[in-house]
Amino acid sequence: MTVGAILAGGMSRRMGQDKAMLYGGVERLRACLERAGVTTTVVMCGTQEREQLFDGEVLVDPPGVSGLHELIPWLLKRFEDDLVLMPCDAYLMSEEALSHYLALAQGGGVPMDVNGRRQPLFACIAKEAVLPTDPTSVTKLVEGLPSVDVTPYQEAFTNFNEPSDLQHPRLQDRVR
């Protein structure tokens, strides 16, 4: 079984608007995860104030967690299943791209984007994975996982952080 964790707790400071609400938002990603065969999907909303923004299973960050590098091990213990991360700004993600990736990442992995860079916020982490005990970032947490070549779907593993990123040609046809 696989748990999909939609990461929707950020402040979207650089974007200037809540990234979890753009381009079909969390609900589009939840549907994508489910169609790709992910058995359980949770929305990691960050703070209690954000909890009511989302439907379905929504979890507030537990006390004492100061970043994703601490939240991910907490999720792995809570669910005791494989975990696939999905940032809320995965506006180009599709069922086909995710299914392709999950088939390749059995046992865990980190997809490579169009520029050949690892994208740790999309990591697939096997429940039996041995992760560093005191990482300082998500990158450090998943550095031992293999890179996954997701050709021809690399573009789906793109993050959008600033308003100028929204000028991406594949987003121009979508409604915000």
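Predicted model: local features only at pLDDT ≥ 70, side-chain atom pairs only at ≥ 80, totals over all residues.
Residues are numbered from 1 along each chain as its sequence is written. Local features need pLDDT of at least 70, side-chain atom pairs count only at pLDDT 80 or more, and totals for chains, interfaces and linings use all residues, while side-chain values use heavy atoms, with hydrogens and water left out.

Start with the sheet. Helices (H or I, at least four residues) and strands (E, at least two) are DSSP runs, numbered from the N terminus. Two strands pair if DSSP finds at least two bridges between them. Five strands form an open sheet in the order S3-S2-S1-S4-S6, and the pairing is mixed. Strand S3 (58-60) and S6 are the edge strands; each has a single partner, so one side of each lacks a neighbour in the sheet. Strand S1 (residues 2-7) runs parallel to S4, and six bridges join them. Within S4, Leu83 is the residue opposite Val3. In general, strands of a sheet pair through backbone hydrogen bonds, either parallel or antiparallel.

Next come the cores. Buried means under 20% relative accessible area, exposed over 50%, and partly exposed in between (1.4 Å probe, protein chains only). A nonpolar core is a set of buried Ala, Val, Leu, Ile, Met, Phe, Trp, Tyr and Cys residues joined through side-chain atoms within 4.5 Å. The largest one has 29 residues. Met86, Met93, Leu98 and Tyr101 touch the most other members. H1, strand S2 (40-46), strand S4 (82-87) and H3 each supply at least two residues of this core. A second, separate core holds 21 residues, including Val3, Leu7, Leu59 and Ala123. In soluble globular proteins, nonpolar side chains tend to be buried together.

Met93 gives a view from inside the largest core. Contact means heavy atoms within 4.5 Å. With neighbours within four places in sequence set aside, Met93 is in contact with Arg28, Leu29, Cys32, Met86, Leu98, Phe122, Ala156 and Phe157.

Rings of Phe, Tyr and Trp (its six-membered ring) pair if their centres lie within 6.5 Å; planes under 30 degrees apart count as stacked, over 60 as edge-to-face and the rest as tilted. The count is four aromatic pairs. Tyr101 and Phe157 have ring centres 5.2 Å apart and planes at 70 degrees, so they are edge-to-face. Tyr101 sits in helix H3 and Phe157 in the segment after strand S7 (147-148), so this pair links parts of the chain 56 residues apart. Tyr101 is buried at 1% relative accessibility. Phe157 is buried at 0%. The rings of Phe157 and Phe122 also pair edge-to-face, with centres 5.1 Å apart and planes at 75 degrees. Phe122 lies in the loop between strand S5 (110-111) and strand S6 (124-125), 35 residues from Phe157. Elsewhere, Tyr23, Tyr91 and Phe160 form one aromatic cluster.

Now the charges. A salt bridge is a side-chain nitrogen of Lys or Arg within 4 Å of a carboxyl oxygen of Asp or Glu. The structure has three. Side chains of opposite charge can pair when their charged atoms come close.

Arg30 and Glu27 meet at 3.4 Å, N to O. Both lie in helix H1 (residues 25-35), three residues apart, about one turn of the helix. Arg30 is buried, with a relative accessible area of 9%. Glu27 is partly exposed at 38%. Beyond its neighbours within four places in sequence, Arg30 is in contact with Ile6, Thr41, Val43, Asp55, Gly56 and Glu57.

Another bridge joins two helices. The closest N and O atoms of Glu95 and Arg35 are 3.2 Å apart. Glu95 lies in helix H3 (residues 95-104) and Arg35 in helix H1, so the pair ties together parts 60 residues apart in sequence. Glu95 is partly exposed, with a relative accessible area of 27%. A further bridge pairs Arg117 with Asp113 at 3.4 Å, N to O. Asp113 is buried at 7% relative accessibility.

Finish at Ala36, in the loop between H1 and S2. Ala36 counts as buried at 18% relative accessibility. Leaving out residues up to four places away in sequence, Ala36 touches Glu95, Leu98, Ser99 and Leu102. Ala36 and Ser94 are 58 residues apart in sequence, and their C-alpha atoms are 8.9 Å apart in space.
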